[in-house]
Every structure is written in structure tokens, then in C-alpha cells.
Amino acid sequence: MSSLYVDTSALGRSLLEEPEKPAIEHTLSEFERSVSSGLLRVELRRLGFRQGMLDRVEVLLATVSLIHIDEEILIAAQTITPRAVATLDAIHLATAVRLSKAGRLDALMTYDKQLAAGAQEHGITVISPS
């Protein structure tokens, strides 16, 4: 089963109907499964709350399998390289790396440059459709 890790920078663009939305949706449809950290729920709901779009957030979240943030992920996120990755993105990266090492991830979709660099450093294919 092909799996795509999707972060908030990607689904947020879809939620806000930014120009990349059609490309994002097309790319999502090419994978059998979309996954993300449970952190996505918090980040996307905060964005939806600020924009008055909470109902649309639930529709997007229904298409993504969310991975529970456990102690192992939090510990890995504390020191995951590269150092330039921001705190919340480190949780996304640690989750994606875990899935990749388990052979359960084919690519990561993000528009965040530091997260993309981190994923590539850990051997994960990065997709930023436009």
C-alpha cells in the first residue's frame, strides 16, 4: 500500500484554497493512504478556527490516518537532525522517519523548506506539488 505523509503546510493550502490546491488533491489521489502525526489535527483545526472553516477541516482530516504522538516520537523529535527544523516540524519529521524506517512510507508532502531538507536528509522522498 503506497503511503504519503502530509504535513500542515500542504493540507493548510488545500483548506485555504490556495493555488496549489488542485495539485495537492491530485497528488493525494495517487497514493492509497495519507498519513500524518496527530499534531496535524491540532494545527489544522487552529487554522480552520482562525479562518472560520472548522467544518471544512473535518472533511480534510477524515482522509488522513493520524499517528498517535507517543513518548518515543517526542524523544526522537528533541534531537532529530537537521537542527534548523522547528519544534512542531520536528514532531512531524520524527513521525515520518519512524514510518519510513518501518517501510510504511513512500513520500512526504510539504512546502516547509526545513522539513523538506530534514526528510531528504533521512532518505525520504519529498513532494511539493504546484
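This is a predicted model: local features need pLDDT of at least 70, side-chain atom pairs count only at pLDDT 80 or more; totals for chains, interfaces and linings use all residues.
Residues are numbered from 1 along each chain as its sequence is written, and side-chain values use heavy atoms, with hydrogens and water left out.

Let us begin with the sheet. The helices (H or I, at least four residues) and strands (E, at least two) named here are DSSP runs, numbered from the N terminus. Strands of a sheet pair through backbone hydrogen bonds, either parallel or antiparallel. Here 5 strands make an open sheet with parallel pairing, in the order β3-β2-β1-β4-β5. Two strands count as paired if DSSP finds at least two bridges between them. Which strands stand at the edges? They are β3 (64-67) and β5 (126-127); each has a single partner strand, so one side of each is left without a neighbour in the sheet.

Now follow the pairings one by one. Strands β2 and β3 run parallel and are joined by 4 bridges, with S37 having I67 of β3 as its bridge partner. Strands β1 and β2 pair in the parallel sense over 3 bridges, and here L4 finds its bridge partner in S34 of β2. Strand β4 (residues 107-109) pairs with β5, again in the parallel sense, over 2 bridges. In that pairing, V126 of β5 is the bridge partner of L108. Helix α6 (residues 87-101) packs on the sheet and touches β1 (3-6), β2 (33-37), β3 and β4. Contact means heavy atoms within 4.5 Å. The direction of α6 makes about 130° with that of β2. Axes are lines fitted to C-alpha atoms, for helices over the stretch in contact, and angles run from 0 to 180 degrees between N-to-C directions.

How enclosed is β2? A residue is buried under 20% relative accessible area, exposed over 50%, and partly exposed in between (1.4 Å probe, protein chains only). In β2, 4 of the 5 residues are buried, so this strand is largely enclosed by the rest of the structure.

Next, look at how some helices pack together. Helix α3 (residues 39-51) and helix α4 (residues 54-61) have axes 8 Å apart and meet at an angle of about 155°. That makes α3 roughly antiparallel to α4. Angles under 35 degrees count as roughly parallel, over 145 as roughly antiparallel, 65 to 115 as roughly perpendicular, and the rest as oblique. Residues L40, R41, L44, R45, G48 and F49 of α3 make the contact with L54, V57, E58, L60 and L61 of α4.

Helix α4 also packs against α1, at an angle of about 130° and with the axes 10 Å apart. These two helices are therefore oblique to each other. On the α1 side the contact is made by L11, S14 and L15, and on the α4 side by R56, V57 and L60.

Helix α1 (residues 8-15) holds T8, which counts as buried at 13% relative accessibility. Leaving aside neighbours within four places in sequence, T8 is in contact with R13, L40, E43, L44 and H92. The side chains of T8 and E43 are joined by a polar contact of 2.4 Å. A polar contact is a pair of N or O atoms within 3.5 Å; within protein, one must be able to donate a hydrogen and the other to accept it, and residues adjacent in sequence count only if both atoms are side-chain atoms.

R13 also lies in helix α1. Is R13 buried or partly exposed? With a relative accessible area of 21%, R13 is partly exposed. R13 and Y111 are 98 residues apart along the chain, and their C-alpha atoms are separated by 9.3 Å.

Finally, visit some loops. T110 sits in the loop between β4 and α7 (113-121) and is buried, at 0% relative accessibility. E17, in the loop between α1 and α2 (21-29), has a positive phi of about 55° although it is not a glycine. In the loop between α5 (71-79) and α6 you will find P82, which a cis peptide bond joins to T81, with omega about 0°.
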